[in-house]
Amino acid sequence: MKQFIGFLKKEFLHIFRDPRTMMIIFLLPIVQLLLFGKVINTDIQNSRIAILDQSHDNTTREITSKLVSSGYFVLGDELMPGDDVEDVFRKGKVKMVVTFGPEFEKSLERDGKADVQLLADASDPNTARILTNYASGIINDYVKKEKLQNLQLPNQINTEVRMLYNEGLKSVYMFVPGIMAMILMLISAMMTSISISKEKELGTMEVLLASPLKPIQIVLGKVTPYLLLSFINALTIILIGVFIFGVPIKGSFVFLMAESFLFIMMALSLGILISTVAPNQMVAMFISVLALMLPTILLSGFMFPIENMPLPLRILSHAMPPRWFIVIIKNIMLKGTGILFVWKETLILMFMTFVFIALSIKNFKIRLE
Amino acid sequence: MEKVIEVRNLVKKFGSFVANDHLNFDVYQGEIFGFLGANGAGKTTAMKILCGLSSPTSGEAKVASFDIYKETEKVKRNIGYMSQKFSLYEDLTVAENIRFFSGVYGISPADRKEKQDKLLKDLGLESARDSLIGSLPLGWKQKLAFSVAIFHDPKIVFLDEPTGGVDPITRRKFWDLIYEASDRGITVFVTTHYMDEAEYCNRVSIMNAGRIEALDTPENLKKQYSAKNMDEVFLKIARNVD
Amino acid sequence: MISIQHISKSYKEVQAITDISLEVQKGELFGLIGPDGAGKTTLMRILMTLLIQDEGTATMNGFDIIKDYKKIRNMVGYMPGRFSLYQDLTVEENLNFFATVFKTTVSENYDLIRDIYIQIEPFKKRLAGKLSGGMKQKLALSCALIHKPEILILDEPTTGVDAVSRKEFWEMLKNLQQKGITILVSTPYMDEAMLCNRVALMQKGKVLDIDTPRNLVDGYTRKLYAIRSNDMHRLILDLRSYEKTDSAYAFGQYLHVTGKDDEVEATEFENYLMRKNHEDLEVHDIAPTIEDVFMELLQDTIV
């Protein structure tokens, strides 16, 4: 036991003496989260729209003010009939043009029909789709509540759309679990694999191997500090998510932390596995980034929906641990579900952890070759 | 004789630590100049400055008659460098290494071809032209590394512990190459931990704690310190100062 | 204390060591002498249970190096060829760490390391990476000694270290030997062979000879001359082109020269060189050094 504590002490000294490690461990999670949450925000806010109102009646004015007061849109130009719409788009400031047909209110009240046209700048298709969705939602909503019931507007998606569990379609709800998975992968897997392979590279592993330390002591000594630090990180990310971005935790907090713990264990055992094959820090880093980070970002469903992927990638995504973890935390945080709904994903993660540990033990050498 | 290295009051400080404390020396053309000193005495620092890799804190120095502050590019063009650690690329062949270093020093392909043939012939390594450096015996590697370091006919070649860990015969064969280069007028500036090699130098400087404590021919140094050999001279200087 | 029998080891195609057998007695200071690539490190790693030999057996203090590897790791102190301490830990932290690894404390075994550690103690708060070469060696040796090993295995402890630190290091080894520790040390410096009780001269994975340095030197039967003049380079070239010269190598301020079949007299060399206009010529008999012996053995293996 004294041996083990001595080893831990040394590991913490390594970590605290290396500014780069400290930055990665403590600054990176926060910076990433703020970056994704604030800057690279795919939410629609204050998009500039132009209105071409051929009726100028109460209804069109009210719809316009609804759109503007939603917070998603700001009113740019008011266009006159005959203005070149394309020219407006070409100037690039306006993302969408809303055109009300002539006698809007009258025909709405008379026929239950009225013409409204949404022209969006689809050079950025994602934004265009979101904008038209929002706008039609707002128009629909207004007409339903304020005007005659069961009236239908042309050009409209008349189904009621409610975005369950994330009504504001806030992307931060998606990013918090995604970033948590990414950061935990990075710190747990990459940092442990680097710190073990560093000993190989600098030749200190040779001395450790030639000492009475058992391999399990070396591995546990290497892993424990990162387990602790990763756990602190998981906590930080969740706290930032809750208090800064207002992500709810509808389910059990303890359960959430327990699942995070499982994921960290999985990532740590993966890190050990990488270090058993990597002869030096560079290779460890390379494998970690290439084999862990990129798939985590690309294939876990965090950035790109898995359903839209081609079949081979979809199959491959099953092998990505973060995929399952993201499902689990989203369930716990946003839906408030318990183990009954995520037992399958939990078992998958446990199985992966088990496989990685078994492979690591098989690969770990008590000698130099 | 022409001075190829002139050093006047050269000082290099790292913070409050004085690595080189007012060095003064000249090295002449064609000379084999031994640069000795204990670990941490400041040899490497001085050598880096003379190679144009680092700027001194104060003082003056000229290498191949170029100023080391202002004309570092010209300095680099006129020197060769070889160390035990880095010499040639292990994963390139002999010819590829020569081509690479020729490119670095701007030797035209025609010149290179001619010089390369001569070099391989002189070293008796014609058969190894397309072998990877990594596959060659250590002794061959060293010969090649040295020949490549002086391939562009520099005025001075800096050798940083070129013979560490080499067997006694290969070590001596390496010194044959050094003598040949010196006969061709190339100045050789060499560091070593083998004290017998200090005897092969025309002149030797011994550094201690950032200062040059002694500089003379091995013969005179032995007289001055009434020592049997350079080993004793070295020990006397290092111990006296401590 | 250390018994090695017919050990061979190869990495892929490269034969690192071939059929090495040697015995190190208890309390002996035994040197493996040879250049890079002689197989010294491989042999030491096999003894340290870090590599497994392809053939042969070895025991240390009666324990088999494969079966009883755990016992050996407890009993032997090891200093690898590269500086293998934590550069980002201080002198003190390194020492404490290795003490706990070996389930002991610094104070418990302070006696053994005192003479060495006392020299670096003023710098105990300094990071190991910031120490000079000589001090690093002393720290590494202290760490290797912290668990009172019965056997000490040191892989090229003096490589890249200046002459003064080398001398000090060997004095420390002599002191440790006095305390009853068996020491196996490797070095590429031939002159250090004289400081060992017995040495094995190694080249290209083979042992060329094993004996006391004295016997090795005495066993050198060739007639050796020391020759010098005021132009050493020309001297060496002239001697090599002389038909009666067998070998001529620089040894410090002299050349060591042997004649064909050892039948060449000093005067013959002298006359020949006078004809070549060498000034300040000096030719005399000289006793061989271990390096002469080694070079002679190398010549034999090349032929």
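Predicted model: local features only at pLDDT ≥ 70, side-chain atom pairs only at ≥ 80, totals over all residues.
Let me begin with the interface of chain A and chain C. Here 27 residues from chain A meet 32 residues from chain C, and the area buried between chain A and chain C comes to about 2,700 Å², with carbon and sulfur atoms giving 59% of that area. On the side of chain A, the residues that lose the most area to chain C are Arg17(A), Glu206(A) and Arg367(A), which together make up 23% of what that side buries.

One of those residues, Glu206(A), also takes part in a salt bridge with Arg45(C), where the closest N and O atoms are 2.9 Å apart. Across the interface of chain A and chain C there are 2 salt bridges by the rule used here, and the count of residue pairs in polar contact between chain A and chain C is 11. Sorted by class, the side of chain A that touches chain C has 11 nonpolar, 10 charged and 6 polar residues.

Now to the interface of chain B and chain C. In this case 32 residues of chain B are in contact with 32 residues of chain C, and about 2,500 Å² is buried between chain B and chain C, of which 56% comes from carbon and sulfur atoms. In chain B, the residues losing the most area to chain C are Asn39(B), Ile169(B) and Arg172(B), and together they account for 23% of what that side buries.

How many salt bridges are there between chain B and chain C? The count is 4, and Arg228(C) and Glu219(B) have side chains that meet in a salt bridge, at 3.4 Å from N to O. The interface of chain B and chain C also has 11 residue pairs in polar contact. The elements giving two or more residues to the side of chain B that touches chain C are H6, helix H7 (195-199), helix H8 (218-224) and helix H9 (230-241) of chain B, and the largest share, 8 residues, comes from H6(B). That side of chain B divides into 12 nonpolar, 6 polar and 14 charged residues.

H6(B) comes up again when we look at a helix of chain C. Helix H8 (residues 232-240) of chain C has Met232(C), His233(C), Leu235(C), Ile236(C), Asp238(C) and Leu239(C) as its buried residues. These buried residues pack against helix H6 (168-183) of chain B, and also, within chain C, against strand E11 (224-228), strand E12 (245-251), strand E13 (254-259) and helix H9 (266-275).

Next, a helix in chain A. Helix H10 (residues 253-277) of chain A has 25 residues and spans 37 Å from its first C-alpha to its last, which is close to the 36 Å expected at 1.5 Å a residue. Of its 25 residues, 19 are buried, so H10(A) is largely enclosed by the rest of the structure. At the N-terminal end, H10(A) is capped by Ser252(A), with a side-chain oxygen 3.3 Å from the backbone nitrogen of Val254(A).

I will finish with two arginines of chain B. Arg129(B) sits in the loop between helix H4 (109-123) and helix H5 (138-149) of chain B, and Arg129(B) is partly exposed, with a relative accessible area of 25%. The residues that Arg129(B) touches, leaving aside those up to four places away in sequence, include Thr93(B), Gln116(B) and Leu120(B). Gln116(B) is 13 residues from Arg129(B) in sequence, and their C-alpha atoms are 9.3 Å apart in space. The side chains of Arg129(B) and Asp117(B) are joined by a polar contact of 3.4 Å.

A polar atom of the Arg203(B) side chain lies 2.6 Å from the backbone oxygen of Asp26(B). Beyond four places in sequence, the residues touched by Arg203(B) include Asp26(B), Tyr28(B), Phe33(B), Leu215(B) and Pro218(B).

Notes
Residues numbered from 1 in each chain as written. Chains lettered and ligands numbered in written order. Heavy atoms only, no water. Contact = heavy atoms within 4.5 Å. Buried area = accessible area lost by both parts, 1.4 Å probe. Polar contact = N/O pair within 3.5 Å; in protein donor to acceptor, adjacent residues only side chain to side chain. Nonpolar A, V, L, I, M, F, W, Y, C, P; charged D, E, K, R; others polar. Helix = DSSP H or I, 4+ residues; strand = E, 2+ residues; numbered from the N terminus. Expected span 1.5 Å × (residues − 1). Buried < 20%, exposed > 50% of the residue type's maximum accessible area, 1.4 Å probe, protein only.
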